[in-house]
Structures are given as structure tokens and as C-alpha cells.
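You asked for a colleague's reading of the charged side-chain contacts in this model. My remarks are set out after the structure.

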Amino acid sequence: MRAVNPPHRFVQQRQLHAICDSNGRPISFFVSAGQVSDYIGARALLSSLPDVDWLLGDRGYDADWFREALQDKGIRARIPGRKRRKTIVKYDKRRYKRRNRIEIMFGRLKDWLRVATRYERCPKTFFSASALAATVIFWL
């Protein structure tokens with residue numbers, strides 16, 4: 001009898017895009033592959049944005065089309081420009097400091113080991129675990 005190691009399987013990482021309220025509670029999610037741009041998540045979550053005055057986002061979501069789409073909805077973008085951007089984008093630095101609330105929300109999600117490792121083979125399973133964790137976070 002001979003022991004054979006199973007073939008190495010590439011497990012694709014997942015990237016979780018989220019919208020949260022001003023209290024850091026998750027509202028909407030989108031899961032994408034780990035190596036794709038943040039623009040994919042922005043495009044997917046654009047239709048599920050709540051009626052708000054302004055939106056905070058990190059540099060990964062800096063795109064002219066995204067800013068225009070937010071402006072069409074009456075939402076002011078508080079997204080700093082990318083470092084390679086040719087035109088400088090002004091943003092409210094005081095309000096941008098409140099972005100830590102979404103980072104706190106992701107920190108709470110990562111308390112759930114299944115969400116933190118992101119090595120689920122099936123995106124549906126990863127999304128289900130994230131949704132379950134978000135539900136518990138929302139009500140605590």
C-alpha cells in the first residue's frame with residue numbers, strides 16, 4: 001500500500017465588499033474573487049445604497065464613474081484619490097476619519113474564524129458565513 005498526497009488545489013481567496021450604517025452595522029454585502037478590482041464590488045453595491053447624504057470609501061473605490069453615479073443619486077463622495085491619479089480630488093478629511101466604523105465592522109466579522117480565513121472553496125458558503133456573522137453583529 002502506498003500513501004499518495006492529494007493534488008495541491010488552488011483555493012481562491014474571496015473579497016468581501018460591504019455597506020454599513022453610521023453605527024458600523026452591516027447593511028449590504030457583495031463577494032468577489034480576491035484578485036479583482038474594488039470597482040466590481042462598487043458596481044454591484046451601487047443599486048443597494050441607502051438614501052444617505054454622503055458615503056465614505058477607501059482609495060480602492062476612487063473612480064470617476066463611481067463618483068458620478070453617487071452624484072446622480074444625490075450622495076456626496078468622501079473618497080480620497082488614488083496616489084497615481086493625475087487630477088487631485090478634494091475630500092473632507094474630518095469626515096473621512098469616521099471611516100474607522102467600517103473597519104471596526106470588518107474587525108467584528110473577522111472574530112468569526114470562518115470569515116477571517118476566507119479559504120472557503122465555495123463562494124456561497126463564504127457568503128453564508130459572512131451573512132450569519134453580520135446578522136449576529138447587527139443585533140448585538
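The points below take up the salt bridges and the surroundings of their partners.

1. Please bear in mind that this is a predicted model, in which local features need pLDDT of at least 70 and side-chain atom pairs count only at pLDDT 80 or more, while totals for chains, interfaces and linings use all residues. Residues are numbered from 1 along each chain as its sequence is written, and side-chain values use heavy atoms, with hydrogens and water left out.

2. Searching the whole structure gives 5 salt bridges, a salt bridge being a side-chain nitrogen of Lys or Arg within 4 Å of a carboxyl oxygen of Asp or Glu.

3. One of them joins Asp62 to Arg67, with an N to O distance of 3.0 Å. Asp62 is buried, at a relative accessible area of 3%, and Arg67 is likewise buried, at 15% (buried is under 20% relative accessible area, exposed over 50%, and partly exposed in between, with a 1.4 Å probe and protein chains only).

4. Another pairs Arg85 with Asp64, their closest N and O atoms lying 2.8 Å apart. This pair links distant parts of the chain, 21 residues apart, since Arg85 sits in the loop between β4 (76-78) and α3 (93-96), whereas Asp64 belongs to helix α2 (residues 64-72); helices (H or I, at least four residues) and strands (E, at least two) are DSSP runs, numbered from the N terminus. Asp64 is partly exposed, with a relative accessible area of 46%. Through salt bridges that share partners, Asp62, Asp64, Arg67 and Arg85 are joined into one network.

5. Finally, Arg99 and Glu103 form a salt bridge whose closest N and O atoms are 2.7 Å apart, and Glu103 is partly exposed, with a relative accessible area of 41%.
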